[in-house]
Amino acid sequence: MGSSPAARGRNYQIKVSEGPGGYILEDVPHLSDYIHDLNTYPNPLRSNPAYSVVKQYFVDMDDTVPEKIIVHKDTPRGVHFRRAGPRQKVCFSSEEVSACIVTCGGLCPGLNTVIREIVHSLDYMYGVSKVLGIDGGYRGFYAKNTITLTPKVVNHIHKRGGTILGSSRGGHDTMKIVDSIQDRGINQVYIIGGDGTQKGAASIYEEIRRRGLKVVVAGIPKTIDNDIPVIDRSFGFDTAVEEAQRAINAAHVEAESADNGLGVVKLMGRYCGFIAMYATLASRDVDCCLIPESPFYLEGKGGLFEYVEKRLKENGHMVIVIAEGAGQELLKKETALGDEIDASGNKLLKDVGLWLSQRIKDHFSRKLKWPLTLKYIDPTYMIRAIPSNAADNVYCTLLAQSAVHGAMAGYTGFTSGLVHGRHTYIPFNRIIEKQNNVVITDRMFARLLSSTNQPSFLSAKQIAEIANDECEAPPSQLLDDSQDKPSDN
């Protein structure tokens with residue numbers, strides 16, 4: 001394979017190679033790209049009794065994973081990523097490794113599991129004993145003390161929610177962070193966080209490379225909303241959907257037990273509605289699901305008020321699930337509040353659940369003179385704070401092990417992620433270039449609408465625009481069928 005003359009991404013974050021049949025490898029950086037006298041060592045797993053019986057345990061250097069698996073017979077092979085896993089040779093001796101782990105951003109089920117498995121993998125697989133925990137997010141590199149992490153310290157933390165390292169938003173100062181890494185003699189940095197955190201990790205990698213340091217930077221994607229692109233799903237998502245069922249079930253019981261009972265549940269989803277959509281599909285008790293990607297309106301023919309009135313007349317009760325980012329433009333118009341951002345640069349959202357509940361109450365009490373019993377439930381912080389479920393625990397374990405294998409092999413500037421069921425190393429810039437969103441013209445959203453029997457709330461003009469776009473779309477649109485993640489039949 002020859003190197004493409006036009007590598008994508010900024011600076012050194014991606015290496016593109018091309019092969020026959022339209023094959024493209026979007027590879028991750030390696031220490032050997034800028035350290036030319038890099039030593040290598042036999043992988044300690046060769047003598048690890050746990051793996052002595054495993055055939056072909058080491059990943060072949062040519063193993064790659066396709067970004068898209070739905071293809072036509074005459075389409076190019078397309079973009080591939082390097083397969084994750086242990087290599088025959090490593091670039092660090094066990095004694096020289098000094099690793100650190102940091103968690104950034106909001107809480108998410110599974111954070112402690114990832115921390116635990118990084119520590120255990122470094123120790124049990126590679127004989128690494130020096131692992132530090134950075135306290136309090138990015139600013140902990142230069143403003144707080146570190147925590148010494150050993151297998152004994154982290155042994156039971158996966159049974160607890162949150163993160164033993166603490167977390168925070170903002171505080172990213174590339175120069176201060178890299179200075180701290182250099183001063184402490186750290187040579188493996190594991191960064192757990194969402195797209196904003198991974199952007200920070202990319203900046204850290206670039207500065208480390210500029211200084212020519214033998215330091216690897218490995219990211220593990222974390223977002224409970226599942227809004228990170230390329231990967232199948234983010235850890236904690238399954239747990240969030242499962243826990244959301246409890247809130248939806250409570251809302252349904254309350255609504256069903258009262259005349260004109262209405263339960264409103266607000267779930268996470270700042271920019272995308274995956275949790276709300278999958279929780280709705282799993283529950284089967286939801287009559288209406290509102291997500292950021294699908295605009296809705298309240299009054300007039302085809303509006304939400306009309307639909308609520310129809311459902312209450314038919315069933316006598318109703319449940320509405322709304323993602324926190326839905327309806328923000330409507331709320332903004334009515335409240336005339338400006339745009340504010342948090343320390344991570346995210347837009348601060350108004351409480352759309354409370355606002356919608358009040359608007360529904362006002363409409364039915366003042367305009368229709370209907371007695372309405374409305375219960376509003378916001379389980380956000382209860383969901384974020386719980387330990388991960390069994391499926392997420394397994395996923396977190398494999399993500400952590402993949403990140404450790406990659407770091408020991410000398411790969412850097414990458415995120416460990418699952419692509420079509422295979423663990424891969426993905427360049428930072430592919431993770432941070434855009435957000436994953438629900439596509440409202442896709443089959444999965446159609447399944448949601450058929451499940452709830454709700455209208456799309458799209459105007460005639462919007463429907464016409466969508467129909468026009470679909471007529472102009474090429475047949476290969478099927479190849480971009482990634483919005484059905486985490487699963488599709």
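This report walks through a predicted protein model, from the whole chain down to some of its strands and helices.

## Ground rules

Residues are numbered from 1 along each chain as its sequence is written. Because the model is predicted, local features need pLDDT of at least 70 and side-chain atom pairs count only at pLDDT 80 or more, while totals for chains, interfaces and linings use all residues, and side-chain values rest on heavy atoms, with hydrogens and water left out.

## The whole chain

The protein chain holds 15 helices and 18 strands. Here helices (H or I, at least four residues) and strands (E, at least two) are DSSP runs, numbered from the N terminus.

Of the 489 residues in the chain, 55% are buried, meaning under 20% relative accessible area with a 1.4 Å probe, protein chains only. Take the contacts (heavy atoms within 4.5 Å) between residues at least 6 apart in sequence: 77% of them join residues at least 24 apart.

## Strand β6 and its partners

Two strands count as paired if DSSP finds at least two bridges between them. Strand β6 (residues 78-83) pairs with β3 (residues 23-27) in the parallel sense, over three bridges; Tyr23 has Gly78 as its bridge partner there.

## An open sheet of four

Another spot to look at is an open sheet with the order β14-β15-β13-β16 and parallel pairing. β14 (288-290) and β16 (373-377) sit at the edges with a single partner strand each, so one side of each has no neighbour in the sheet. On average, neighbouring strands here are turned by 15 degrees against each other, direction ignored.

β14 and β15 (residues 317-323) run parallel and are joined by three bridges. Leu290 stands opposite Ile322 in β15.

Finally, helix α6 (residues 237-256) packs against helix α7 (residues 274-283) at an angle of about 60 degrees, with axes 9 Å apart. Axes are lines fitted to C-alpha atoms, for helices over the stretch in contact, and angles run from 0 to 180 degrees between N-to-C directions.

The two are therefore oblique to each other, which is the label for angles that are not under 35 degrees (roughly parallel), over 145 (roughly antiparallel) or 65 to 115 (roughly perpendicular). In α6, the residues that meet α7 include Phe237, Val241 and Ile248, and those on the α7 side include Phe274 and Tyr278.

Conventions: Buried means under 20% relative accessible area, exposed over 50%, partly exposed in between (1.4 Å probe, protein chains only).
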